[in-house]
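Me: I would like to learn how to read charges and aromatic rings in a model. Can we go through one together?

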Amino acid sequence: MDIAANHAGQPPAVSRRHDGPLVKLYDQALRVAEFVTPVLDLGIRLLVASVFFQSGLTKIASWDVTVALFENEYAVPFLPPELAAYLGTAMELGMPVLLLFGLGTRFAALALFVFNIIAVISYPDLTEVGLKDHQYWGLLLLVTLLHGPGKLSVDYLLGRRFLGGRGRD
């Protein structure tokens, strides 16, 4: 123990013992995870964004059918069918773009998470497979909401630029 360091208010020097094979394996696993995590974050964002965006494109491709579905099939609470159709389509086309670029990512993930819940509640004829799909998308949105967009995002770059180099994941 270094007594002089303790009197100066410094912690004692820590001697690094020889790392065993398990410690080295652990360190390698951490390095791989640090590399892979941003790619997985991006992959999750791209997957969820593509699902919702494709749905929005389908809605605008045949607007009359979309409005008819909102009038006859979807029971969106508290909204007139045509307004629900416009808002739903706007959500499905706008929020995925934010997810794609990782801009306002947590906001977009939360908005799509709530939208996803409303979609499940509003469509009483949803099949078991459809419900599982919505659960899967909801889980992936929660990952993005709770973990953040990752380093491959505009949010991260803006955080580094405007938060003094402390980009947030």
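Reply: We take charged side chains, then aromatic rings. Keep in mind that this model is predicted.

Me: How many salt bridges are there?

Reply: Start from the general idea. Side chains of opposite charge can pair when their charged atoms come close. Here the count is one salt bridge. Glutamate 92 and lysine 59 form it, with 2.9 Å from N to O.

Me: Where do glutamate 92 and lysine 59 sit in the chain?

Reply: Glutamate 92 is in helix H4 and lysine 59 in helix H2. They are 33 residues apart, and the pair links distant parts of the chain.

Me: Is glutamate 92 buried or exposed? And lysine 59, buried or exposed?

Reply: Use the cut-off: buried means under 20% relative accessible area. Glutamate 92 has 5%, so it counts as buried. Lysine 59 has 12%, so it is buried too.

Me: Which side chain of opposite charge is nearest to arginine 45?

Reply: Aspartate 41, at 6.3 Å. A salt bridge needs a nitrogen within 4 Å of a carboxyl oxygen. Arginine 45 is buried yet has no salt bridge. It belongs to helix H2, residues 21-61.

Me: What does the side chain of arginine 45 reach at 2.7 Å?

Reply: The backbone oxygen of leucine 99. Beyond four places in sequence, the contacts of arginine 45 include Leu99, Leu100, Phe101 and Gly102. Thr144, Pro149 and Ser153 are also among them.

Me: Now the rings. How many aromatic pairs does the whole structure hold?

Reply: Five. One of them joins phenylalanine 70 and tyrosine 74, edge-to-face, with centres 4.9 Å apart and 80° between the planes. Phenylalanine 70 is buried, at 9% relative accessible area. Tyrosine 74 is partly exposed, at 24%.

Me: What other pair does tyrosine 74 form?

Reply: Tyrosine 74 also pairs with tyrosine 123. This pair is edge-to-face as well: 5.5 Å between centres, 80° between planes. Tyrosine 74 lies in the loop between helix H3 (63-72) and helix H4 (81-101). Tyrosine 123 lies in the loop between helix H5 (105-122) and helix H6 (128-147). The two are 49 residues apart, so read the pair as a link between distant parts of the chain. At 27% relative accessibility, tyrosine 123 is partly exposed.

Me: Which residues form an aromatic cluster?

Reply: Phe52, Phe115 and Trp137 form one cluster.

Me: Which ring face does arginine 161 lie over?

Reply: That of phenylalanine 162. Arginine 161 is 5.5 Å from the ring centre.

Notes: Residues numbered from 1 in each chain as written. Predicted model: local features only at pLDDT ≥ 70, side-chain atom pairs only at ≥ 80, totals over all residues. Heavy atoms only, no water. Helix = DSSP H or I, 4+ residues; strand = E, 2+ residues; numbered from the N terminus. Buried < 20%, exposed > 50% of the residue type's maximum accessible area, 1.4 Å probe, protein only. Lys, Arg positive; Asp, Glu negative; His and termini not counted. Polar contact = N/O pair within 3.5 Å; in protein donor to acceptor, adjacent residues only side chain to side chain. Contact = heavy atoms within 4.5 Å. Phe/Tyr/Trp six-rings, centres within 6.5 Å; stacked < 30°, edge-to-face > 60°. Lys NZ or Arg CZ within 6 Å of the ring centre and 35° of its normal.
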